[in-house]
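Trainee: I would like to learn how to read a sheet and a pocket. Where do we begin?

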Amino acid sequence: MTTIEEIRPDLIRGLSDQRADVKTQQDIAFALDDAVTSAGKNGVADTVGAVFSGELGTNIGEVFETAFASFLVDVDVPPGNGETFSTTEILTVLTNAINDISDAQYQALAETNGGTLPSSDLNLMIETAANQLSTALSDLAGPEGAVYRFYNSESGAHFYTTSVEERDDIAANLPHMTLEGPTFITNASAGTGTALYRFYNTVTDAHFFTTSEEEKAYVEASFPQFSYEGVAMYVYTQETGSNGQGVFRLYNEETGTHLFTASQAEADNVQNILGWKLERSDAFFVEIA
């Protein structure tokens, strides 16, 4: 009976014996930066576990999950801009996981595959899972046009941005701002959509957004505490293609802050339980993230 110790060297060599394997590890390294920022270390570890469990079974999937979780323990969030992680680091994590697979786990997987599992077959399963992980991490990081939402624990307000650079800067430097992830998607541009204007309330430490030129002018003329910060992003003011979900605009009369959400359930919750006032159910239109 073949043991894991007999095939372990072949498995480790298999991680880098083809150019495609190295490319996959490069893709994982690149996607990991934004994935950690968007979903947190636990979110990434859970994703690793789910991907590898789907291909290699729960027990070995948990081995890979633990290897990535251990690697991320000392990583700052956000870890930085661009490709913070190296291909060598990803190769090391995968190698550590292979070294931690027990013979009992290997034999159990072999049993589910007809009683035998040569190193070539297991290598292919690991390669397949690694490819799937690259895609899963990219999805976790947020699709193109993702709008990231933060919760301000000091003011109770929410903040929205499409800028990855601004997202990372806030996450790194403002501990009272909690990233809640991509909340919706807009693929509008200056040529196809309408500007969503952004104001900062210097009294309440909250932001306000509007697509209305009239409302923008009124705020600028009537409320000196609102500092105009420019165009936040471009959105659609009517259903357009995949951007068919209206955004609810709700107002908290006690704090003077607004919430923008594409979730009917969240809109219902803050109205019925927290007492927020619904101002519009079609402030603008987006795609659900």
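Mentor: Two strands pair if DSSP finds at least two bridges between them. Helices (H or I, at least four residues) and strands (E, at least two) are DSSP runs, numbered from the N terminus. This is a predicted model, in which local features need pLDDT of at least 70, side-chain atom pairs count only at pLDDT 80 or more, and totals for chains, interfaces and linings use all residues. Residues are numbered from 1 along each chain as its sequence is written, and side-chain values use heavy atoms, without hydrogens and water.

Trainee: How many bridges join S4 to S5?

Mentor: Strands of a sheet pair through backbone hydrogen bonds, either parallel or antiparallel. Here S4 (residues 194-201) and S5 run antiparallel, joined by 5 bridges. Tyr200 has His207 in S5 as its bridge partner.

Trainee: What is the strand order of the open sheet?

Mentor: The order is S5-S4-S6, with antiparallel pairing. S5 (206-210) and S6 (226-235) are the edge strands, each pairing on one side only.

Trainee: Which strands does H8 touch?

Mentor: H8 packs on the sheet and touches S4, S5 and S6 (contact means heavy atoms within 4.5 Å).

Trainee: Which element gives the most to the lining of the largest pocket?

Mentor: A pocket is an open set of points on a 1 Å grid over the protein atoms alone, where a 1.4 Å probe fits, with protein on both sides within 12 Å along at least five of seven lines; lining residues have an atom within 4 Å of a point. H8 gives the most, with 3 residues.

Technical notes. Axes fitted to C-alpha atoms, helices over the stretch in contact; angles between N-to-C directions.
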